[in-house]
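Please read these points with the model open beside you, and follow each one in the structure before you move on to the next.

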Amino acid sequence: MAEQNNKNNQPQVDEKQLLKVRREKLVDLQERGKDPFQITKYDVTHHSMDIKNNFDVLEAEHDEEGKLVKDPAKLVSIAGRIMLKRVMGKASFCNVQDLEGNIQVYVARNEICEEPFDEYKDFKKMDIGDIVGIKGYPFKTKTGEMSIHATEVTLLTKSLQILPEKHHGLTNTDLRYRQRYLDLIMNQEAKEVFVKRSKIISEIRRYLDGQGFMEVETPMLVHNAGGAAARPFETHFNALDEDVKLRISLELYLKRLIVGGLEKVYEIGRVFRNEGVDTRHNPEFTLMELYQAYTDYNGMMDLTENLYRHLAEAVCGSAKIVYNGIEMDLSKPFERLTMVDAVKKYAGVDWNEVETVEQAKELAKEHHIEFEEHHKKGDILNLFFEEFVEEHLVQPTFIMDHPIEISPLTKKKPENPEYVERFEFFMNGWEMANAYSELNDPIDQRERFKAQEELLALGDEEANTTDEDFMNALEIGMPPTGGIGFGIDRMCMLLTDSQAIRDVLLFPTMKKLD
């Protein structure tokens, strides 16, 4: 990070010496009774963009001699980090960055202090990265740049580290993820992503609250990590001397609330899956699940389409979004395909003609699809879908009617019990949501759990186990219900045009450096 000029073969500046100088400056301030760390607050009246957006109203006037008219009604106060500084004798410039952006500040010696000009001398010693408070008057420089004519400069925090060189920014991806605070300082686009992520989640809540949903919270530490096919993290609860797991899903507790008579519920929360890390997966991530009594998966499709369209318009300003250079149109009705029709369309295989497991396995061999011996016909259909179909689902698409073998918590289709009333929502070739007409038959559910436990015995670490309390709730009676789970992080990736899940997680999971 140290400044250097290899082109002229000049020696590299000793970074340790630069850090030492910063600490010496702090000691000097403390010895003179100006310790910035003793300041407890600073009254901020404006942010940088407030001033720029309302400049016509806030701009200070000049008298006939060209001097600034200090109208108290136009005095502004901002606070932020010094990102650039140019000292020019009796007057200097600095650039201050706050939450919303940055603004230039003009600091004239005679305006901020009187002889012996100690305040100006202190300003000249300030470093890039220091946090300051500025009071002054908005004006335009001779070059037309919106700026603040400072009348007071207060050092609020002394930075004891050296920021990366401004023009090159922070380009080390690994460092950006490990030191997100530095990334947010140096990369405005990173800050914008997380501001937009916050707005996405706020808009989700606003939309669902407007539809009569109730936000709830359910346990993260559970005895039975069910509701999804995933390997859980396990830990030990010392107080009760019991092994517990971190939840992999929100489903089973939210369904208990439907049983209890809360007809529309949702939760946005962290879930934990003991799996690998890649551009779309992180072991802890944000999931939203919602459940609505007296509707089915068709109702969930309508809700998904309306919610995504609302988010695109509210957050991106248009129902047409662009991700990685590809436009996706959320204004049109989303395509709806059964999984069987999708495999026929993209793989050329008509699963309606596949009658036995043996036939399915032969087809898999012919198409070079690897499967496990315990896989059944529906499992292999899903493998065909993953291999041949997913990458084509760029525009918003609902894939409906999954095989029963991969859907242990879903109602069967009455006219074809080999399939269930389930859909997955796809965009950009990614699964964005998963929804069911929820299984509320306790006898059928117990059989499904039994089948899952058989898979667990065969070595499938992602299989579910029977949750007896949930079974008791179903036996008390759950109304017909539609439910859905949304991956919030992937949603944020699409709506912010971010290439990796780590770009939308403030603190992604990273391997320790040591």
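1. Begin with the bridge partner of Gln-292 in β20, which is Gly-482; keep in mind as you look that this is a predicted model. This pair belongs to the pairing of strand β11 (residues 284-293) with β20, in which the two strands run antiparallel and are joined by 7 bridges.

2. Strand β20 also pairs with strand β19 (residues 430-437), again in an antiparallel arrangement, and here 5 bridges join the two. Within this pairing, Tyr-436 has Gly-483 of β20 as its bridge partner.

3. How many of the 7 residues of strand β20 are buried? The strand, which spans residues 481-487, is mostly covered, with 6 of its 7 residues buried.

4. The largest nonpolar core has 46 residues, and those with the most contacts inside it are Met-288, Leu-290, Phe-423, Phe-486 and Met-491. The largest share of this core, 9 residues, is contributed by helix α10 (residues 297-316). Another core, of 24 residues, lies apart from it and includes Cys-94, Ile-103, Val-105 and Leu-155.

5. Leaving aside residues up to four places away in sequence, Met-491 touches Ile-200, Ile-204, Tyr-308, Leu-311, Met-432 and Phe-486.

6. Is Phe-117 buried or exposed? Phe-117 counts as buried because its relative accessible area is 14%, and the cut-off for buried is under 20%. Not counting residues up to four places away in sequence, Phe-117 touches Arg-109 and Asn-110, while its C-alpha atom is separated by 10.0 Å from that of Lys-90, a residue 27 residues apart from Phe-117 along the chain.

Terms used. Residues are numbered from 1 along each chain as its sequence is written. This is a predicted model: local features need pLDDT of at least 70, side-chain atom pairs count only at pLDDT 80 or more; totals for chains, interfaces and linings use all residues. Side-chain values use heavy atoms; hydrogens and water are left out. Buried means under 20% relative accessible area, exposed over 50%, partly exposed in between (1.4 Å probe, protein chains only). Contact means heavy atoms within 4.5 Å. A nonpolar core is a set of buried Ala, Val, Leu, Ile, Met, Phe, Trp, Tyr and Cys residues joined through side-chain atoms within 4.5 Å. Helices (H or I, at least four residues) and strands (E, at least two) are DSSP runs, numbered from the N terminus. Two strands pair if DSSP finds at least two bridges between them.
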